Amino acid sequence: MGLSQLELDAWHMSRALEIAAQGRGRVEPNPMVGCVIARGAEIVGEGYHQQYGGPHAEIEALRVAGPRAKGAVMYVTLEPCCHHGKTPPCTEAVIAAGIARVVAAMRDPFVEVSGKGLEALRRAGIEVHCGLMEEEARELNAPYLKLLSTGRPWVIAKWAMTLDGKIATVTKESRWISGAESRARAHALRGRVDAVVVGIGTVLADDPLLTARPPGLRTPLRIVLDSHAQTPKHSQLVRTARESPVLIAVAEEAAESDRKALQAAGCEVFVCAGSDCAQRLDTLLAELGRRRMTNVLIEGGSRALGAVFDAAMVDEVHVFVAAKLLGGQAAPSPIAGQGISRIGDARQVRITALERWDSDIYLQGRLTKP
C-alpha cells in the first residue's frame, strides 16, 4: 500500500527541514531554508541556503533537478522570496522551471515577502499549499523570527557545572569542570554565534580569550558587561582587540578616561543607557539587533547569567553537567541575580537535546514564555 498524499508531503517536508539545518551558522541573519523537488516519492532535486548572500535553497534544488523540475512538486521550509535582495526573486525561477505545485511550511514574515511570494506563484497558475509542519519550521528559525518581530537577537545561555550545581570551588577555581568533549562542543557553539558575552567578574577571575578554537563558521564579537569600564588593559581580550573585535558595554557613569583608554587599545566602547541593569541589557540587545546579530551567547559568570535570567531575556540554554561533586556553601552556582520567591514562577525549560559522552551529560533546551 502506497503513501497517501499527506504522508508523502510530510515525508518530503521532513527532508527539507533536515537539510535546512545544515545552514546554521552560515546564513544568519537570513533564515535557514531547505528545499526538496519530487515527482511522487522520488526526489529529483534538493538544496539548502548554504551561505549568506549565496543562492537560496530553491535555486540550489532547481539546479540539481534540471529539466525534471517541470511538472514536479516543490517542498520548501519557508515561502519563496519575490523581491530583489542579494539574489534575484526565487519565485521567478520556480515559475520558469515549470513547477506544478509548491508546498511551503510557513509564510515568511519579512515585510518584502510576507505572502507576496505565494501569491505570485498562484497568479502563475501554480497550486500552492502553506502550513505543513509549520511548528517545526518555526522552531528551526526561531532566532530569525525573533529578530524580525522584536529587533532583538536570540539569547543563548551556556554553562558547565557539577552534579551539585557548582561552577567553581570555594576558592573560585573552575578549570576544568567539564571534559574535553564538552569543551569542544562549547567552542563549536561559540563558532556559530554572532557574539559571546561575559561579565566583568569572569574577565577579572579567568582572563578568558572567548574565541572559538579551532575557528568556527563565524567570528563572534566578544562582549564584556562592564558598567564601570574596569576591564584590565593587560587582559587577553584587550591585548587581542585589534585581531578579533571586542566591545565593552559600560554604564553612563563609567569614567571617560577609562573609556578612552579601552578605545585606544582597540576596543569598542558602547554606553548602555538605562537606570538599572535590565534597561542597560535591553539597550545592548537592541544595539546588537540593529547590527542584525541573530544569535548571542551568554557564557557567564553567575552574575551576568543572573541578570539576563532576572530580565527574562534568555531563549535557550546549553548545559554541560560533569559527574563531579564540589560542595561548599560559598561555591558559586550558575545563576545568581535576584531569583524568584515561588516555585510556581520558575521558568520552564523544554528539553530539545540530551546526550552523554565521557563522564559528562549535555542538555539543550528552550525556555517557555514567562
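**Entry 1: helix α7**

I started with A180 and found it exposed, at a relative accessible area of 54%. My cut-offs are under 20% relative accessible area for buried, over 50% for exposed and partly exposed in between, with a 1.4 Å probe and protein chains only. A180 sits in helix α7, residues 180-190. Helices here are DSSP runs of H or I with at least four residues, strands are runs of E with at least two, and both are numbered from the N terminus.

This is a predicted model, so I kept in mind that local features need pLDDT of at least 70 and side-chain atom pairs pLDDT 80 or more, while totals for chains, interfaces and linings use all residues. Residues are numbered from 1 along each chain as its sequence is written, and side-chain values use heavy atoms, with hydrogens and water left out.

A180 and D360 are 180 residues apart in sequence, and their C-alpha atoms are 9.7 Å apart in space. R185, also placed in helix α7, is partly exposed at 32%.

**Entry 2: salt bridges**

Side chains of opposite charge can pair when their charged atoms come close. I counted a salt bridge when a side-chain nitrogen of Lys or Arg is within 4 Å of a carboxyl oxygen of Asp or Glu. The count by this rule is 24 salt bridges.

I looked up R218 with E28, where the closest N and O atoms are 3.3 Å apart. This pair links distant parts of the chain, 190 residues apart: R218 is in the loop between α8 (200-206) and β8 (221-225), and E28 is in the loop between α1 (5-20) and β1 (34-39). Are these two buried or exposed? R218 is buried at 16% relative accessible area, and E28 counts as buried at 6%.

Next came R152 and D282, whose side chains meet in a salt bridge at 3.1 Å, N to O. R152 is in the loop between α6 (142-150) and β6 (154-162) and D282 is in helix α11, so the pair ties together parts 130 residues apart in sequence. R152 is partly exposed at 23%, and D282 is partly exposed at 33%.

R259 and E256 make a salt bridge with their closest N and O atoms 3.6 Å apart. Both lie in helix α10 (residues 256-264), three residues apart, which is about one turn of the helix. R259 counts as buried at 15%, whereas E256 is partly exposed at 43%. I also noted a network: E139, E316, R350 and R366 are joined by salt bridges that share partners.

**Entry 3: the cavity**

Rolling a probe the size of a water molecule over the atoms shows where empty space is left. I took a cavity as a set of points, on a 1 Å grid over the protein atoms alone, where a 1.4 Å probe fits but cannot get out; lining residues have an atom within 4 Å of a point. How many cavities of 30 Å³ or more are there in the whole structure? The search finds one.

The largest cavity has a volume of about 60 Å³, a volume being the space filled by probe spheres set on the grid points, which are joined across faces, edges and corners. Its lining includes V155, V197, L225 and I298. Helix α11 (277-290) and strand β11 (295-300) each supply at least two lining residues, and α11 has the largest share, with four. The lining divides into 10 nonpolar residues, no polar and no charged.

Most residues other than glycine have a negative phi, and most peptide bonds are trans. I found a cis peptide bond joining R175 and W176, with omega about -10°; W176 is in the loop between β6 and α7. Another cis peptide bond joins R213 and P214, with omega about 0°, and P214 lies in the loop between α8 and β8.

For positive phi I noted S114, near 35°, in the loop between β4 (101-104) and α4 (116-123). M133 has a phi near 60° and is in the loop between β5 (127-130) and α5 (134-140). S114 counts as partly exposed at 27%, while M133 counts as buried at 18%.

Notes: 1 Å grid on protein atoms, 1.4 Å probe; cavity = no way out; pocket = protein on both sides within 12 Å on 5 of 7 lines; lining within 4 Å. Nonpolar A, V, L, I, M, F, W, Y, C, P; charged D, E, K, R; others polar.
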